[in-house]
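Student: I would like to go through the labels used for this structure. Where do we start?

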Amino acid sequence: MYERISMPFDLIYHLVQRFKMFRHLHSLYRIDDTSFCIEFEKNHRYCIDLSRGTSLIYPIVSCPTTKHYQSPFDKTLSKRCTNGSILEVSIPNNDRIIRWKISRCVGYKIEVTLIQCELTG
């Protein structure tokens with residue numbers, strides 16, 4: 001049996017404060033079945049691992065991909081989050097959830113997307 005690790009709330013809070021400094025989201029894509037790479041301006045990259053029992057967020061230098069995902073979810077994620085502006089980063093209801101509000105200008109309209117990561121473990 002392995003030990004379950006979950007991120008403490010104060011660490012999630014400090015990560016959200018760090019994420020609030022960024023204004024531009026360069027990309028967000030899946031690198032593994034349960035992991036995502038989020039890249040902000042100036043090559044600040046973080047891995048979001050949403051594995052059951054061990055959900056973590058940690059900085060990385062490069063995002064290694066094990067395979068190239070082409071599902072409708074991944075295509076929509078790429079379309080809605082690539083080169084977007086970050087409007088808001090929050091922790092709703094003081095829970096172990098990080099929510100990004102991202103907007104993109106597409107032609108004459110603005111698309112707003114909410115990305116929510118539950119780090120409940």
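Tutor: With a cut-off: buried means under 20% relative accessible area. Keep in mind that this is a predicted model.

Student: Why is E39 called buried?

Tutor: E39 has 8% relative accessibility. The cut-off is under 20%. So E39 counts as buried.

Student: What makes E39 and R45 a salt bridge?

Tutor: Their closest N and O atoms are 3.4 Å apart. The rule asks for a side-chain nitrogen of Lys or Arg within 4 Å of a carboxyl oxygen of Asp or Glu. The pair therefore qualifies.

Student: What makes E111 and R80 a salt bridge?

Tutor: The closest N and O atoms of E111 and R80 are 3.8 Å apart, and the limit is 4 Å. E111 lies in strand 7 and R80 in helix 2, so the pair ties together parts 31 residues apart in sequence. R80, R104 and E111 are linked in a network of salt bridges.

Student: Why is E111 called buried, and why is R80 called partly exposed?

Tutor: E111 has a relative accessible area of 13%, and buried means under 20%. R80 has 25%.

Notes. Residues are numbered from 1 along each chain as its sequence is written. This is a predicted model: local features need pLDDT of at least 70, side-chain atom pairs count only at pLDDT 80 or more; totals for chains, interfaces and linings use all residues. Side-chain values use heavy atoms; hydrogens and water are left out. Buried means under 20% relative accessible area, exposed over 50%, partly exposed in between (1.4 Å probe, protein chains only). Helices (H or I, at least four residues) and strands (E, at least two) are DSSP runs, numbered from the N terminus.
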